[in-house]
Every structure is written in C-alpha cells, then in structure tokens.
Amino acid sequence: MRYAYNEKNDKIEVSFSGERAKCPDCDSIVIGKKGPFKIKHWSHKTKNECDSWYEPITEWHLNWQNLFPIQYREVSISKNGKTHRADLKLKNSLVIEIQNSPIKISEIEEREKFYGENNMIWILNGEKLARKSRITYKFNKKQFSLSFSIPAYSPLVSQYDMDEFKVTLFRNELLLGLKNDKNLINYRENNGNYFEYEFDTDKDFFEIDSELSYLFQKTCNELYDYNAYHKMFSDFNISFKNVKRDNYSQVKLNKLYWRSFIDNMSFPVFIDSLNGLESDLIYWYQENRIIKRSDFINKYLKYT
Ligand SMILES: [Zn+2]
C-alpha cells in the first residue's frame, strides 16, 4: 500500500527503507520498502497484506492518484466486517478504481458491490490490459458554422415563387464555393429552407455576411422587384457561430486478444494509453466515446 500512519496519525508515504508505521486498517506494523527498481510502498511486517484486493502499486497508479488531493487517495472503506482500500474516494463518495492488472470476474462483482454503493468508475491501463487492441477515430475541430434560411412562405412574399429563388441562389458561385470548400465538414439542409455549414477552420465572418446579403438582394432584384428584398431580408436569418468544439467521430475499437473480464464491469470503464489514442485523451468503453483527459479529470476534481 502507498500510505500508512505515523505516531502522530499523519498519512505518510515511505521515506526510507525499513521505516516503521501503522497499517490504517489492521493496526499492525508496516515496514517501508524503497529501492531503485520498486515503487516505494508499505509492507506488513508479520503477515500478508490485509486487503485481499491488494495489487502492487505502479507508476501509472501514482500518476492517476496524484491528480487528486492526498485525502482522497487510498481511502479505507469498512462494511460488514470487511475493509478494503479504494484507490480514490471522492467527497461525493464516488470510488475510482485504477486497474492495472487482470481481475477475476467474481471479484469484479464483489468490488462493484462493495465500492459501488454510491457510484464508482473504473480506469483501466490500456497499455497493460488491451495491449494488442487499437482504436481508430476521426478528429474534427469544428470552429465555425454559418446558417441561413430562405422563407418557404411569408404573408409578405406570398406572390413570389420561393422555389425559383432557391434554385437561382444556389447556382451562384458564392454558395457553390461554400459547398465545395475543402474545410467544410458538415452541411445540413432542414425542411428545404434552412441551411447550415460547418467548417473546421475560421472564416471571415464579415466578408461572408456582406457577400451573402448582397447575393440575396441581387437575386431578389433579378427575379422580382426592388421591394422584394426589403420585404424578405429579415427572414433570411443569416447567422454565424464559432463552435470551438472538438469532435471525435467514427470511433472504433479493434479488439485483439481482448480480455473479456472488462465486459463484466457494469460501472463505467475508462481506458487510457490505448494504441492509437493520443495521450491527452481517454476512451469510455461502454459508450464508445473519446473524451478529453482534462475534461474527464476536471469533472471529478469538482468532487474534491
Ligand atoms: Zn493491514
């Protein structure tokens, strides 16, 4: 285990080999182990580790635990005469189990029952537990969206043929250009009169706005009369949005030598260090979703 208690009842890590402290759970003496090849840890002096779910600490464990303040790391939980140490237990009683090694299906069930009373999540080390699997996905950084509508009907313009208007409008090179733009990542047409373009790059808002307004006006003048545009212009609803949203699509986990115990976990499973996954991302297995690591961490840091 990572933490034990000294005489003053402080929660301490090992500072030198042979150091003595007390196990928080069984009160017996624990001895500090520290060396060049092993992660420092406390070991029971005269008996085996008292938590039957104990597994050796790894650097990977430490990195995850260290994201949270010390009082939430390695927290003892006692229930029905049994005590286990949760890797992390937050203020809202959520338990985070940081799993680096394979685990028996029967034990998954026991742990979820024991820890999951108020909710829990699993974080799995993909490098260790899904070494041969690989994840693929497409990354879009949606940065800009443009939308406008063409009134299908309006009392003011009932005498105009809006279908003709639309056909003429979309023949214009401005709109043809937007549709063929290499940075266009999404185009939607709703109800035949609402048009939305999403680009993964910034665009010149004012330029497009004035070109588009001019195009509406020009088309109105060509097809109808000078007044048509003035009657309709507010119905065009040109609008722009900067949508700074990272979007991961077409997420696919290609499983190879998949460890089936993972499928027995009923609480949310997050896997990091997967092949193909950038280190600032984490994969939510059941939802088949990629999440920014910082968003993930910040969500749980709120409960500290
Ligand atoms: Zn103990």
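This is a predicted model: local features need pLDDT of at least 70, side-chain atom pairs count only at pLDDT 80 or more; totals for chains, interfaces and linings use all residues.
1. Two strands pair if DSSP finds at least two bridges between them. In general, strands of a sheet pair through backbone hydrogen bonds, either parallel or antiparallel.

2. Start with the whole chain. The secondary structure comes to 8 helices and 18 strands. The C-alpha atoms fill a box of roughly 95 × 40 × 40 Å, taken along the principal axes. The radius of gyration is 30 Å, whereas a compact globule of 304 residues would have one near 19 Å. Of the 304 residues, 24% count as buried.

3. Next, the domains. Domain 1 covers 1-50, domain 2 covers 56-136 + 250-304, and domain 3 covers 144-243. The C-alpha centres of domain 1 and domain 3 lie 70 Å apart. Look also at the contacts between residues at least 6 apart in sequence: 60% of them join residues at least 24 apart.

4. Now follow β8. How does β8 pair with β7, parallel or antiparallel? The two pair in the antiparallel sense, over 2 bridges. Leucine 88 has isoleucine 96 of β8 as its bridge partner. Lysine 89 stands opposite valine 95 in β8. The hairpin of β7 and β8 has 5 residues between the strands. In that hairpin, serine 93 takes a positive phi near 75°.

5. The pairing of β8 with β9 runs parallel, with 5 bridges joining the two strands. Here isoleucine 98 stands opposite isoleucine 123 of β9.

6. Is β8 covered or open? Of its 5 residues, 5 are buried. Both faces are covered. Val95, Glu97 and Gln99 are buried on one side, and Ile96 and Ile98 on the other.

7. Then the nonpolar core. In soluble globular proteins, nonpolar side chains tend to be buried together. The largest nonpolar core of this model has 29 residues. Which of its members touch the most other members? They are Ile96, Ile123, Phe270 and Tyr283. At least two residues of this core come from each of β7 (82-89), β8 (95-99), α2 (105-115), β9 (120-125), β16 (269-272) and β17 (281-284). The largest share, 5 residues, comes from β9.

8. Look closely at isoleucine 123. What does Ile123 touch, not counting residues up to four places away in sequence? The list is Trp64, Ile96, Ile98, Gln99, Phe270 and Asp272.

Methods. Residues are numbered from 1 along each chain as its sequence is written. A nonpolar core is a set of buried Ala, Val, Leu, Ile, Met, Phe, Trp, Tyr and Cys residues joined through C-beta atoms within 7 Å. A residue is buried if 20 or more other C-beta atoms lie within 10 Å of its own, exposed if 12 or fewer, and partly exposed in between; C-beta atoms are placed from the backbone. Helices (H or I, at least four residues) and strands (E, at least two) are DSSP runs, numbered from the N terminus. Two residues are in contact if their C-beta atoms, placed from the backbone, lie within 7 Å. The radius of gyration is taken over C-alpha atoms; the globule rule is 2.2 Å times the number of residues to the power 0.38. Domain bounds come from an automatic or database domain assignment.
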